Amino acid sequence: MADRVLIFAGPDYEDLELWYPKLRLEEAGYEVTLAGDEAGKSYQGKHGYPCTNDAAVGEVKSEDFVAVVCPGGWMPDKLRRDANALRLLKEFDAAKKPIAAICHGGWLCCSADVYRGVTVTGSPGIKDDCVNAGATWVDESVHVDGHHVTSRRPSDLPDFMAGLLGLLRGE
């Protein structure tokens, strides 16, 4: 059985920031589970590309996954209000499993209080949120700090995935 990676999904996710990691991870041999507020629920991305959740965040267990990806868009602002999503992120953080957040995906990590003492990047629009959550902010295409991988925007996706796949390979 392949190692599994969790990707958060919900309404108005950033299309490329969900699909590029999903496809690259599958290409690398990982099994990907999309999870949001409800299993089987379909969502439109900001640019209209659909996805359907495999599971609800309240039903998945962090120990079943080797990493989690937090795509951007407006989805993280809604999902950050779900106690189960925050619990999962705290569990991934405590286990030092890779947490990868791109663009506004860092909002989830801010609300889960897993950025305290971590150097991160993300959408410039969430810089203050990250700093207020205790992170040090840098403006880079990708930043890896321990088990955290962060990037700013869709054009950073190649660097973002190089960082995440490197962590998963133990590099």
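**Entry 1: Ser123**

I began at Ser123 and found its place in the loop that runs between β8 (119–120) and α5 (127–132). I note at the outset that I am working from a predicted model. Is Ser123 buried or exposed? I read a relative accessible area of 8% for Ser123, so I put it down as buried. I then listed what Ser123 touches, leaving aside residues up to four places away in sequence, and wrote down Cys103, His104, Trp137, Ser151 and Arg152.

**Entry 2: the cysteines**

How many disulfides does a search of the whole structure find? I recorded zero. For Cys103 I looked up the closest cysteine sulfur, which belongs to Cys130 and lies 11 Å from the sulfur of Cys103, and that is too far for a bond.

The cut-off I need here is that the two sulfur atoms of a disulfide must lie within 2.5 Å. Cys109 is buried too, with a relative accessibility of 0%.

**Entry 3: aromatic pairs**

I next looked for aromatic rings that pair, and the search of the whole structure gave two pairs. In one of them, Trp19 and Tyr49, the ring centres are 5.3 Å apart and the planes stand at 75 degrees, so I noted the pair as edge-to-face. Which parts of the chain does the pair of Trp19 and Tyr49 tie together? I located Trp19 in helix α1 (residues 15–27) and Tyr49 in the loop between β3 (42–44) and β4 (50–52), so the parts joined are 30 residues apart in sequence. Tyr49 is partly exposed, and I wrote down 48% as its relative accessible area.

The other pair is made by Trp74 and Trp107, whose ring centres are 6.3 Å apart and whose planes meet at 35 degrees, so I called this pair tilted. Trp74 sits in the loop between β6 (67–70) and α2 (75–79), while Trp107 belongs to helix α4 (residues 106–111), so this pair ties together parts that are 33 residues apart in sequence. I looked up the accessibility of both partners: Trp74 counts as partly exposed at 42%, whereas Trp107 is buried, with a relative accessible area of 10%.

**Entry 4: the chain as a whole**

I then turned to the whole chain and counted six helices and 11 strands. How compact is the chain for its length? Its radius of gyration is 14 Å, close to the 16 Å that the globule rule gives for 171 residues, so I noted the chain as being as compact as a globular protein of that length. Along the principal axes, the C-alpha trace spans about 35 × 30 × 30 Å.

Of the 171 residues, 56% are buried, and I put the accessible surface of the chain at about 7,200 Å², with 48% of it belonging to carbon and sulfur atoms. Among contacts between residues at least 6 apart in sequence, 63% join residues that are at least 24 apart.

**Entry 5: the record**

Last, I consulted UniProt, where an unreviewed entry carries the annotation "domain: DJ-1/PfpI" for residues 4–164. Over that stretch I found 31% helix and 24% strand, with the end C-alpha atoms 14 Å apart.

Conventions
Residues numbered from 1 in each chain as written. Predicted model: local features only at pLDDT ≥ 70, side-chain atom pairs only at ≥ 80, totals over all residues. Heavy atoms only, no water. Helix = DSSP H or I, 4+ residues; strand = E, 2+ residues; numbered from the N terminus. Buried < 20%, exposed > 50% of the residue type's maximum accessible area, 1.4 Å probe, protein only. Contact = heavy atoms within 4.5 Å. UniProt positions renumbered as here; feature names shortened; annotations may be inferred. Phe/Tyr/Trp six-rings, centres within 6.5 Å; stacked < 30°, edge-to-face > 60°. Rg over C-alpha atoms; globule rule 2.2 N^0.38 Å. Areas by Shrake-Rupley, 256 points an atom, 1.4 Å probe, with all protein chains shown as cover.
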